[in-house]
Amino acid sequence: MADRYDTDVLFKALADRSRRRLLDLLHAHDGRTLTELCEHLDMTRQGVTQHIDLLEAANLVATVRRGREKLHFLNPVPLQEIYERWIAKFEKPRLKALSELKKRLETANG
Amino acid sequence: MARSTFVYVTYIRTTPERLWSALTTDVEFMKQYWFGTHCDSQWTAGSPWKMVSSTGQISDAGEIIEADPPRRLVIRWQHQNRPELTAEGDSRCTIELEPIGTAVKLAITHTIEHEPSKLIEAVSGGWPKIISNLKSLLETGAIVLRDAYPAAVSR
């Protein structure tokens, strides 16, 4: 199983300010070229390429070739998996408590 | 022309054939990971395609533009229920399957010639949950999310 390895790569990719900035840039406007991304970062083109490579390895960025251009897209699927694995299960008891509170208050009012 | 696109990619430990049927003909399997929804089509180029909710409502419809099992599927896709989404016209959903080692790379690209697009905004929220559920159902036999929007407190 490659799961543990994949998760390590994913968290490592997220553990960097410039890479998170790249994800934010793609979230604001998807489908950008490397040149467009470089304009927003105070970094060499080579530096940006290395960060993009790590994001691609973690499957956080997907690329599509359009003619001579390579377009970069934010791929939120691994983030959804993190959400399900690390967040959703901790939310459930609280949502249940809220739901019960709502029910009790509404019954009391009626 | 301005366009809106999203590209979602995941790697699933399965075979292209199994994944293809999970995305097309295996309706009961589809309902398990798609929150009760299924797609109805003959899955050949030119045949009509529609998405049917658990209550039988047709949410989206169109036709199959390309079908090359188990590698590539292109759907002409128009939303049917919300007028502002229907007004944006046809979108195009391309589903590509590529074997990589013991897994299959699944890439879903959804595009519309509109910028910004309410349709793309609407479908982009749903796909990650569906793909994530599909992945766990194929790999572990169980789904992770039972409801598309589990945060609804009123239930």
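Predicted model: local features only at pLDDT ≥ 70, side-chain atom pairs only at ≥ 80, totals over all residues.
**Helix 4 of chain A**

- Helix 4 of chain A covers residues 45–57, and its 13 residues reach 18 Å from the first C-alpha to the last, close to the 18 Å expected at 1.5 Å a residue.
- The buried residues in helix 4 of chain A are A:Val48, A:His51, A:Ile52 and A:Leu55; seen down the axis of this helix, they fall within an arc of 100 degrees and so line one face of it.
- An α-helix has 3.6 residues a turn, so residues three or four places apart point the same way.
- Just after helix 4 of chain A comes A:Asn59, which takes a positive phi of about 65 degrees.

**A:Leu10 and its surroundings in chain A**

- A:Leu10 has its place in helix 1 of chain A, which spans residues 3–14, and it is partly exposed, with 19 other C-beta atoms within 10 Å, where a buried residue would need 20 or more.
- Not counting residues up to four places away in sequence, A:Leu10 touches A:Ala58 and A:Pro78.
- Although A:Leu10 and A:Asn59 are 49 residues apart in sequence, their C-alpha atoms are 7.8 Å apart in space.

**Fold and dimensions of chain B**

- Taken along the principal axes, the C-alpha atoms of chain B fill a box of roughly 40 × 40 × 25 Å.
- Of the 155 residues of chain B, 32% count as buried, and among its contacts between residues at least 6 apart in sequence, 44% join residues at least 24 apart.

**Contact between the chains**

- The contact takes 17 residues from chain B and 16 residues from chain A.
- On the side of chain B that touches chain A, at least two residues each are supplied by strand 1 (4–12), strand 7 (103–112) and helix 4 (118–140) of chain B, with strand 1 giving the most, six residues.
- By residue class, this side of chain B divides into eleven nonpolar, four polar and two charged residues.

Terms used
Residues numbered from 1 in each chain as written. Chains lettered and ligands numbered in written order. Buried ≥ 20, exposed ≤ 12 C-beta atoms within 10 Å, placed from the backbone. Contact = placed C-beta atoms within 7 Å. Helix = DSSP H or I, 4+ residues; strand = E, 2+ residues; numbered from the N terminus. Nonpolar A, V, L, I, M, F, W, Y, C, P; charged D, E, K, R; others polar. Expected span 1.5 Å × (residues − 1). Arc of directions from axis to C-beta.
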